[in-house]
Amino acid sequence: TGAIGLYNIGQTCCLNSLLQVFFMNTHFTAILRRITVPLRAIQKRRNVPYQMLLLLEKMQCGKQKAVFPIDLASCLSMNRVKFFVQHDAAQLFLTLWNLIKKQMNMPELVKELDDLYTVCVQEHMACQKCSSETKRNSNMLTLPLQVLDSDSYALRSLEDCLQSFFTPELLTDDNMCFCEQCGKKTPFLQSVKLVHLPQTLTIHLKRFHFKESLDIHKLSHYLPFPQELDFNEVLTKDQCQADDDEKAAWNYELFAVVAHSGSSSCGHYCAYIRSLTEQKWYCFNDSEVCQVSWDDVKCTYGHSNLHWGQTAYLLSYMRKHTQ
């Protein structure tokens, strides 16, 4: 199963949780195993994909319940990833991804990595005075979803968060944009349409919220997410920019949850991951790994009265028909 723990070596619970999500994804490890091994010793020490591969093999070949990720941590430190600090899982995920992609040095593997994780959306900006419109496609590693609506009320489900993300927004008053056709600032309708979803989809629930005082506040309210997610049932035709073949692949099953407990300034991460070989859920909490039930995973939905309780922060969904 690969269900081996990682020791915490200096506030590395966030790193450990993300590594477990990478390693339990057999599609990712199939790419990782095909990397070109660096030739020189210093290159090996600084190369993140290579050190991840060594750690993966150490976890799979050893008989201990957990291993120390010291060599990988040293490698990340050489690449300016700090330790003994409180990391944000979404930011660290992006940092790891960029390092892996940059240091892979094989264009065909980089393309496979993009296909595995990258979301494509189309951004629309339409002037409400002259109807001129601009469109541009952009790629993103995660879908960053607000958990509050435009009036700062708590959204009630993951589906509501997705609907909110793809609902057009009218930009008026101070938010007006300059229109070249009109030669002045005018109201604009801003919208995002879904173009492509990857094989492994990562959703970022933006639980950390800036207050007017600029303090960061954690939003711990109850927000359920489904085991199975069909984007064709969640989004309207106007919110999509894709053909029927693309939409046919938009049926997903939950693969992993990176959960955060504690406050915005002091907290802990762990990961709940479904084994793709056994179809069983495991909780990876640094060096401790145990099998859990779906009810245990549901405990990460959150609770407004339990600010120190676990709340899901990153959700990883896997396309159903390719498992």
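At roughly what angle do the axes of helix H4 and helix H5 cross? The model here is a predicted one, where local features need pLDDT of at least 70 and side-chain atom pairs count only at pLDDT 80 or more, while totals for chains, interfaces and linings use all residues. Residues are numbered from 1 along each chain as its sequence is written, and side-chain values use heavy atoms, leaving out hydrogens and water.

The axes of H4 (residues 48-61) and H5 (residues 70-78) cross at roughly 170° and come within 9 Å. Axes are lines fitted to C-alpha atoms, for helices over the stretch in contact, with angles from 0 to 180 degrees between N-to-C directions. Helices are DSSP runs (H or I, at least four residues), numbered from the N terminus, as are strands (E, at least two). H4 and H5 are therefore roughly antiparallel (over 145 degrees). Val48, Gln51, Met52 and Leu55 in H4 meet Asp71, Leu72, Cys75 and Leu76 in H5, where contact means heavy atoms within 4.5 Å.

Turning to salt bridges, the structure has seven; each is a side-chain nitrogen of Lys or Arg within 4 Å of a carboxyl oxygen of Asp or Glu. In one of them, Asp114 pairs with Lys101, with 2.9 Å between the closest N and O atoms. Asp114 sits in helix H7 (residues 107-117) and Lys101 in helix H6, so the pair ties together parts 13 residues apart in sequence. Asp114 is partly exposed at 23% relative accessible area, and Lys101 is partly exposed at 29%. Here buried means under 20% relative accessible area, exposed over 50%, and partly exposed in between (1.4 Å probe, protein chains only).

Note on methods. Parallel < 35°, antiparallel > 145°, perpendicular 65-115°, else oblique.
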